[in-house]
Amino acid sequence: MTHVHDAVIIGAGFGGMGAAIQLRRLGYDDLLVLEREDDLGGTWHVNRYPGLAVDIPSATYSYSFEPNPHWSRLFAPGPELKAYATHVADKYDLRRHMRFNAVVSGARWDEDASCWEVALEDGSVERGRFLLTATGFLSQPKKPDIPGIDDFAGKVVHTTRWDDDVELEGKRIGIIGTGATAVQLVPKLGKVAGHLTVYQRTPIYVSAKVDGNVPAPVRAAFAKVPLTQRATRLVGTSILEVMMVAGVLHYRNMPWANAIGRAACERHLKRQVKDPELRRKLTPDYDFGCKRPSFSNSYYPTFTKPHVDLETTPIDHVDEGGIVTTDGRRADLDVLVLATGFNLWDANFPAIEIIGREGRDLGKWWRDNRFCAYEGITVPKFPNFISLNSPYSYSGLSYFTTIETQMAHMERLFGALQERGAGVFEVSEEANDAFLERMTELLGNSVFNAGSCATARSYYFNQHGEAVLLRPTSTISAHREAARFPLDDYAYA
Ligand code: NAP
């Protein structure tokens, strides 16, 4: 029998590190963090395409207990996020728990030993009393199933596997996808390409970005008087909260709030693009908030350049020389960039096979029934399992809000377990069902249900047509519930 760790955490991004910090605070020190990549940082280690930056204000994108006064810009570039992750790992002494290039294939609850057995692709097995999955929401890249894509003779690069050696200068570049990643990348490609063709299936809402360097005296003030940064964070968080709660979650009662967001994007487009036909193509026909909007001052203007084409005719196939659209036109390409996002609902919930009590397979159970995790974190029949990237777990717009809400839930749950001298927790089916019913009802007021999202093709929606990624409550309410949920929603043994 192999050693049983206190906990096995899968994923060394910000979610996994937050969970490790919390477990250490709760007195568990024998932690094993398994990470499939060769370093920590999750999204911010994997993604390094040109233009990568956080797309909400940096002051809100950090652990509240570990503010970073050094962000160089209002929206910090990707490498600074990676540096912050490294700083957190070092400061909280997390590296000693981490094992990199450790690809987990599955986990199974061992009823007799009351622990989780975690299988790795190299054939080894690890065991932990607790299992925490922190595999991210956007970590399983989606390669589009376009016929002939493997025949392309030039270079194909997915944004999550950016090849720093790919030659772009003066090349004929095609990019598929116009999501938040493309909004950052397209302007960069537009600057260097000989010709750029952007293949758009569904336009995205883009508003003006109020960005800029954070002046050195402000950074110094943040470092010297942390309260000043906390105040800035509070302002940023409040703006994001109002946008989310009023504009998206309470759409039915406050459609005007949603309309403000939409109008801001439409005004931005009108200011930046004078050609009415181009503007029409770039205008979404679904409600604001159905899918993640973005901020950019350079995205729309890129399409007005003579060497950039916006292609909205559907792609028929790819051949060795380029892309052929359904009207028979072809674009010869040297480089094909796939900004095609992630597969959430088939490949990410969960990202690995997880088998609980009575052989319940989490992915199958979710797909055959309805996707739900109690308070976005635990699932019946999965004892001692914390699923950090679950349906209804994402709360607010900064991922750190979600992370810290989940840390609060863990504190209460593990505290209850320890107080009872128990070793196993499991959420009840009843509590899970009641939570699902409540979330379903709340979703009825959101833009996802009450608005017009049919044409958005949003990854917020699962294969059952339900938008169950985001928790339809305010972050304040999510945090309050995490700190006060009824303890008897769980069984302890
Ligand atoms: P995404 O929003 O899912 O966008 C993928 C794009 O690829 C969509 O435009 C999609 O079109 C298109 N696409 C996919 N398959 C296609 C196919 N077979 N044919 C044609 N087009 C296809 O992915 P993303 O842009 O990578 O962004 C994902 C999320 O990552 C964002 O919403 C955001 O939350 C996050 N993100 C964050 C940051 C940041 O904070 N710095 C930066 C980038 C991204 P359809 O819409 O028609 O399906």
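Predicted model: local features only at pLDDT ≥ 70, side-chain atom pairs only at ≥ 80, totals over all residues.
I looked up where Glu358 sits and found it in the loop between β17 and α10 (362-368). I then checked its backbone, and phi of Glu358 is near 55°, a positive value in a residue other than glycine. I noted beside this that most residues other than glycine have a negative phi. Asn384 has a positive phi too, near 50°, and it lies in the loop between α10 and β18 (385-387). Is Asn384 buried or exposed? I found 0% relative accessibility for Asn384, so it counts as buried.

Asn348 is buried, because its relative accessible area of 1% is under 20%. I followed its side chain and saw that it reaches the backbone oxygen of Gly136 at 2.9 Å, and also the backbone oxygen of Phe137 at 2.8 Å. Pro350 has its place in the loop between β16 and β17 as well, and I recorded that a cis peptide bond joins Phe349 and Pro350, with omega about -5°.

**Entry on the ligand**

I asked myself which residues come nearest to the ligand. Of the 26 residues around it, these are Ala53, Thr181, Thr202, Lys291 and Tyr459. I then looked at polar side-chain atoms and found one of Thr181 at 2.6 Å from an oxygen atom of the ligand, one of Thr202 at 2.5 Å from an oxygen atom of the ligand, and one of Lys291 at 2.6 Å from an oxygen atom of the ligand. The protein covers 89% of the 910 Å² of accessible area that the ligand has on its own.

I sorted the shell around the ligand by class and wrote down 12 nonpolar, eight polar and six charged residues. Helix α4 (residues 180-192) gives the largest share of this shell, three residues.

**Entry on the nonpolar core**

I looked up the largest nonpolar core, which has 139 residues, and noted that Phe14 and Ile175 are those with the most contacts inside it. The largest share of this core, nine residues, comes from helix α11 (residues 399-419). This core draws at least three residues from each of domain 1 and domain 2.

**Entry on two pairs of residues**

Finally I compared places in sequence with places in space. Leu23 is found in helix α1 (residues 14-25) and counts as buried, at 0% relative accessibility. I saw that Leu23 and Met407 are 384 residues apart in sequence, with 8.8 Å between their C-alpha atoms. Val33 has its place in strand β2 (residues 31-34) and is buried, with a relative accessible area of 3%. I noted that Val33 and Ala193 are 160 residues apart in sequence, with 41 Å between their C-alpha atoms.

Methods: Residues numbered from 1 in each chain as written. Heavy atoms only, no water. Near = heavy atom within 4 Å. Polar contact = N/O pair within 3.5 Å; in protein donor to acceptor, adjacent residues only side chain to side chain. Areas by Shrake-Rupley, 256 points an atom, 1.4 Å probe, with all protein chains shown as cover. Helix = DSSP H or I, 4+ residues; strand = E, 2+ residues; numbered from the N terminus. Nonpolar A, V, L, I, M, F, W, Y, C, P; charged D, E, K, R; others polar. Core = buried A, V, L, I, M, F, W, Y, C linked by side-chain atoms within 4.5 Å. Buried < 20%, exposed > 50% of the residue type's maximum accessible area, 1.4 Å probe, protein only. Domains from an automatic or database assignment.
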